[in-house]
Amino acid sequence: MDSGTIVYSNLEELSKSNYQLSDGEADIKGWPVRNEAGDSVGKVRDLLFDPAQNAIRYIIVELVDMGEDLEEKAILIPIGLANLGEDKKEVILPDIHHDQFRAMPRYIIGEVTPQMENEIRSVIGSPAALRLEDEIVEIDRANFYRHHHFDRNSFPDQNTHNQDADPLI
């Protein structure tokens, strides 16, 4: 039964938290975001961090200049989907279709709910997500962040790509 109470995820923006990047972790705030084809998607506004697990969960991406049919908005991309550019300071996302970007919920500071996270996961979960059908799927919240979308090991360290980069925060 729905009591009308909204439950928010306990996630904080990195820039407003006490989280410290460890050696080798890139400070990607402000970096351009591109897809694998090299097309501009937007820029990194910040990262969302889970203080209970001391882990970065999402990249906050400001979508910009993606065409008239796609509004400019901030969205959340799970950290495990992103890669760092090999030769320059940029974040590379897999080729996500415009329909998927359009279907992504708008990120509003402090208003991330488990329902929003489930929606993000269903929109970008697989190529079949383009169908955007209504599916009733029970997601185990206790193991939600164990999904490969949140595997930080797939997000390479800064030092493996750009030895002359600016120091970390």
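Me: Hi! What do the side chains of E62 and R45 do together?
Reply: They meet in a salt bridge, with 2.6 Å from N to O. Here a salt bridge is a side-chain nitrogen of Lys or Arg within 4 Å of a carboxyl oxygen of Asp or Glu.

Me: And why does that pair tie parts of the chain together?
Reply: Because E62 lies in strand 4 and R45 in strand 3, the pair ties together parts that are 17 residues apart in sequence. Strands (E, at least two residues) and helices (H or I, at least four) are DSSP runs, numbered from the N terminus.

Me: Before going on, what kind of model is this?
Reply: It is a predicted model, where local features need pLDDT of at least 70 and side-chain atom pairs count only at pLDDT 80 or more, while totals for chains, interfaces and linings use all residues. Residues are numbered from 1 along each chain as its sequence is written, and side-chain values use heavy atoms, with hydrogens and water left out.

Me: Is E13 buried or exposed?
Reply: E13 is buried, at a relative accessible area of 7%. The cut-offs are under 20% relative accessible area for buried, over 50% for exposed, and partly exposed in between (1.4 Å probe, protein chains only). R45 is partly exposed at 26%.

Me: What does E13 form with K16?
Reply: A salt bridge as well, and the closest N and O atoms are 3.1 Å apart. K16 counts as exposed, at 58% relative accessibility.

Me: Which residues end up in one network, then?
Reply: E13, K16, R45 and E62, joined by salt bridges that share partners. A search of the whole structure finds six salt bridges.

Me: Changing topic to strands. How do strand 3 and strand 4 pair?
Reply: In the antiparallel sense, over eight bridges; strands count as paired if DSSP finds at least two bridges between them. D46, for one, has I60 in strand 4 as its bridge partner.

Me: Which residue in that hairpin of strand 3 and strand 4 takes a positive phi?
Reply: N54, near 50°, in a hairpin with four residues between the strands.

Me: What about strand 2 and strand 3?
Reply: Strand 2 (residues 32-35) pairs with strand 3 in the antiparallel sense over three bridges. R34 has S40 as its bridge partner in strand 3. In this hairpin, which has four residues between the strands, G38 takes a positive phi near 95°.

Me: How many bridges join strand 1 to strand 3?
Reply: Two, and the strands run antiparallel. The partner of E13 in strand 3 is L48.

Me: How many residues of strand 3 are buried?
Reply: Eight of its eleven, which leaves the strand mostly covered.

Me: Now the core. How many residues does the largest nonpolar core have?
Reply: It has 39 residues, and those with the most contacts inside it are I28, I59, L76 and V91. Such a core is a set of buried Ala, Val, Leu, Ile, Met, Phe, Trp, Tyr and Cys residues joined through side-chain atoms within 4.5 Å. Strand 4 gives the most to this core, with six residues.

Me: What does L76 touch?
Reply: Among them are L48, Y58, I59, I60 and M104, not counting residues up to four places away in sequence. Contact means heavy atoms within 4.5 Å.

Me: Is E90 buried or exposed?
Reply: E90 counts as buried, at 10% relative accessibility. Its side chain and that of R34 are joined by a polar contact of 3.1 Å (a pair of N or O atoms within 3.5 Å; within protein, one must be able to donate a hydrogen and the other to accept it, and residues adjacent in sequence count only if both atoms are side-chain atoms).

Me: Last one: what is the mean pLDDT of the protein?
Reply: It is 77, and 70% of the residues reach 70 or more; pLDDT is the predictor's confidence in each residue, from 0 to 100. Over residues 127-137 the pLDDT is below 50.
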